[in-house]
Amino acid sequence: MWWFQQGLCFLPSVLVIWTSATFAFSYITATTLRHVDPALPFISDTGTVPPESCLFGVMLNIAAVLGMATIYVRYKQVQALNPEETLIIKVNKAGLALGILSCLGLCLVANFQKSTLFVVHECGGVLAFSMGSLYTLVQTVLSYLMQPKIHSKQVFWVRLLLTIWCGVSALTMLISSSIFYSSGLSFDEVQKLHWKPGDKCYVVHLISTSAEWSLSFSFFGFFLSYIRDFQKITLRVEANLQGLTLYDSAPCPVTNERTPLLSRDFQ
């Protein structure tokens with residue numbers, strides 16, 4: 001059996017591959033059509049102008065759904081492994097809430113382009129990156145609490161390093177963005193897609209965009225660390241029938257069915 005056929009490890013893999021493809025396709029399209037400059041544009045800038053905005057929106061929405069699925073499966077795994085640990089249960093629920101909020105932010109970024117509803121788009125970006133950063137922190141704390149009984153120390157240290165990378169990128173992006181937006185630039189200057197070395201705040205702009213790409217890559221690395229964990233998960237669906245037809249007024253005994261949700265291979 002290939003590694004991606006073991007359990008549900010394909011889920012974080014597909015999430016990272018799909019999201020990477022979203023950024024790559026929109027970047028290639030936007031730069032080829034000269035809608036943005038090749039030198040480190042904001043990620044959302046590559047999905048602002050049609051036709052790449054259409055591709056970016058659809059693919060990013062799918063990425064948000066994959067993200068929710070991955071986050072929920074991780075939540076259920078931690079819950080199953082620690083049914084009586086009160087602290088872990090509370091932290092795990094907080095992680096689920098943060099992860100869902102981050103995916104909601106991705107949906108806002110996907111559906112409200114920078115050139116149409118700028119405020120909503122920026123709120124979505126802040127929600128996605130801030131909640132996503134806190135989510136990695138919470139999951140790292142969970143990895144610490146579950147070592148060495150459930151998690152190895154190596155897994156914890158890898159996730160800790162990825163969380164530090166994420167935190168440094170997020171902090172850099174926060175500081176540079178604050179300087180950028182408080183520099184007195186006009187609204188049109190803030191929204192523009194083409195930058196020249198002589199423009200005001202050009203260096204700050206490059207630092208901010210670099211931090212944004214770096215933050216995204218840290219998320220990719222963090223979700224890839226789930227692959228080994230997800231190899232141990234089997235997802236099934238159980239059908240509990242309350243009657244022989246949809247119109248039975250009283251329940252009658254029916255044999256329930258338990259089948260793998262995706263394939264017979266996931267045993």
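This is a predicted model: local features need pLDDT of at least 70, side-chain atom pairs count only at pLDDT 80 or more; totals for chains, interfaces and linings use all residues.
Residues are numbered from 1 along each chain as its sequence is written, and side-chain values use heavy atoms, without hydrogens and water.

**Exercise 1.** Determine whether Ser133 is buried or exposed, and list its contacts.

*Solution.* Begin with the position: Ser133 belongs to helix α4, helices being DSSP runs of H or I with at least four residues, numbered from the N terminus. Next, the relative accessible area of Ser133 is 14%, so the residue is buried (under 20%; exposed is over 50%, partly exposed in between, with a 1.4 Å probe and protein chains only). Finally, leaving aside neighbours within four places in sequence, Ser133 is in contact (heavy atoms within 4.5 Å) with Cys166, Ala170, Leu215 and Phe219.

**Exercise 2.** Classify the ring pair of Tyr72 and Tyr75.

*Solution.* The whole structure holds 13 aromatic pairs (Phe, Tyr or six-membered Trp rings with centres within 6.5 Å; planes under 30 degrees apart are stacked, over 60 edge-to-face, the rest tilted). For Tyr72 and Tyr75 the centres are 6.2 Å apart and the planes stand at 35°, so the pair is tilted. Both residues lie in helix α2 (residues 52–81), 3 residues apart.

**Exercise 3.** Compare the accessibility of Tyr72 with that of Tyr75.

*Solution.* Tyr72, at 44% relative accessibility, counts as partly exposed, whereas Tyr75, at 12%, counts as buried.

Technical notes:
Helices (H or I, at least four residues) and strands (E, at least two) are DSSP runs, numbered from the N terminus.
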